[in-house]
Amino acid sequence: MIAAAVATRGVYETVRRIRPGLGARTNREGRTVHLCAGPAAVAGTALAVAAVPGVPARHRAAGALAVLAAGACGAYDDMAGDHRRGFRAHLGALRRGEVTSGAVKLFGIGAAGLAAGAVLKGRPLDRFLAGVVVAGSAHAVNLLDVRPGRAGGAVLALAAGGLLRGAPMAGAPLGAAAALLPEDVARRTMLGDAGAHALGAALGLAAVSANGRAGLAVHAAVVTAAAVAADG
């Protein structure tokens with residue numbers, strides 16, 4: 001957790017110094033904010049997942065790659081600037097032959113989640129459920145990133161609960177979110193799709209690592225319900 005916070009804060013300060021106006025945009029209050037928190041969350045979370053003690057090396061590697069992939073897909077969406085929301089909008093565009101950044105994100109993060117699930121779990125159904133949990137968690141956190149501090153605060157609460165339930169990977173998103181929350185709440189930066197998806201994917205990984213089939217099914221149902229409700 002501490003390593004995640006230190007790494008995330010270090011990357012944030014470096015990006016802010018090199019690209020202070022990265023992805024600058026106007027928030028709902030008319031303030032200009034940058035997206036420096038995004039790459040910081042991606043890098044800090046991935047590094048922390050890769051170094052979680054007591055977890056098999058291949059699980060750590062698969063988890064770090066899933067976080068990086070989720071963050072990269074989110075960063076592409078941040079930079080592409082396609083503001084259509086909801087699966088139906090992007091899938092509808094795809095049927096018309098238009099590949100939106102949201103569609104790239106949908107399939108890219110889905111593939112990353114399934115790939116991680118294939119490493120973290122042994123049986124086909126468990127692997128599939130794990131993939132749904134990782135990808136669905138990434139999407140769920142991104143849905144919350146509409147007000148300052150909302151997504152980061154939710155990650156803090158959920159990751160703390162994961163640590164209490166014995167999920168060591170939860171320390172990665174907990175530390176990363178804690179390092180960025182003050183800047184987010186102060187309206188100096190935003191997680192953006194990159195940061196929100198990376199933190200969400202790490203939350204999903206923590207849930208996968210600490211649950212058997214029944215727990216995976218419950219988590220998969222929750223994140224799927226959240227996606228359907230948001231798309232309604």
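Biologist: In which helix does A111 lie, and is A111 buried, partly exposed or exposed?
Modeller: In this predicted model, A111 lies in helix α5.

Biologist: How far apart in space are A111 and A70, C-alpha to C-alpha?
Modeller: Along the sequence, A111 and A70 are 41 residues apart. In space, taken from C-alpha to C-alpha, the separation of A111 and A70 is 9.6 Å.

Biologist: Where is K105 placed, and which side chain does the side chain of K105 join in a polar contact?
Modeller: K105 is placed in helix α5, which covers residues 101–120, and K105 counts as buried because its relative accessibility is 12%. Leaving out residues up to four places away in sequence, K105 touches C73, G74, D77, G110, N142, D193 and H197. A polar contact of 2.8 Å joins the side chain of K105 to that of D77.

Biologist: How many disulfides does the structure hold?
Modeller: A disulfide is a covalent bond between the sulfur atoms of two cysteines. Among the cysteines here, C36 is buried, with a relative accessible area of 0%, and C73 also counts as buried, at 13% relative accessibility. As for disulfides, the structure holds zero.

Biologist: Is D145 buried or exposed, and which backbone nitrogen does the side chain of D145 reach?
Modeller: D145 sits in the loop between α6 (124–144) and α7 (150–164), and since its relative accessibility is 13%, D145 counts as buried. Apart from its neighbours within four places in sequence, D145 is in contact with A151, L191, G192 and A196. At 3.1 Å, the side chain of D145 reaches the backbone nitrogen of G192.

Biologist: At roughly what angle do the axes of α6 and α9 cross, and what is the handedness of the crossing?
Modeller: Two packed helices are described by the angle between their axes and the distance between the axes. The axes of α6 and helix α9, residues 192–210, come within 7 Å and cross at roughly 140°. The crossing of α6 and α9 is right-handed.

Biologist: Which residues make the contact of α6 with α9, and how many are there by class?
Modeller: From α6 the contact involves A130, V133, V134, S137, A138, H139, V141 and N142. From α9 the residues include G192, D193, A196, H197, G200 and A201. By class, the contact of α6 with α9 has eleven nonpolar, seven polar and one charged residues.

Key
Residues numbered from 1 in each chain as written. Predicted model: local features only at pLDDT ≥ 70, side-chain atom pairs only at ≥ 80, totals over all residues. Heavy atoms only, no water. Helix = DSSP H or I, 4+ residues; strand = E, 2+ residues; numbered from the N terminus. Buried < 20%, exposed > 50% of the residue type's maximum accessible area, 1.4 Å probe, protein only. Polar contact = N/O pair within 3.5 Å; in protein donor to acceptor, adjacent residues only side chain to side chain. Contact = heavy atoms within 4.5 Å. Disulfide = S-S within 2.5 Å. Axes fitted to C-alpha atoms, helices over the stretch in contact; angles between N-to-C directions. Left-handed = near helix turned anticlockwise from the far one by under 90°. Nonpolar A, V, L, I, M, F, W, Y, C, P; charged D, E, K, R; others polar.
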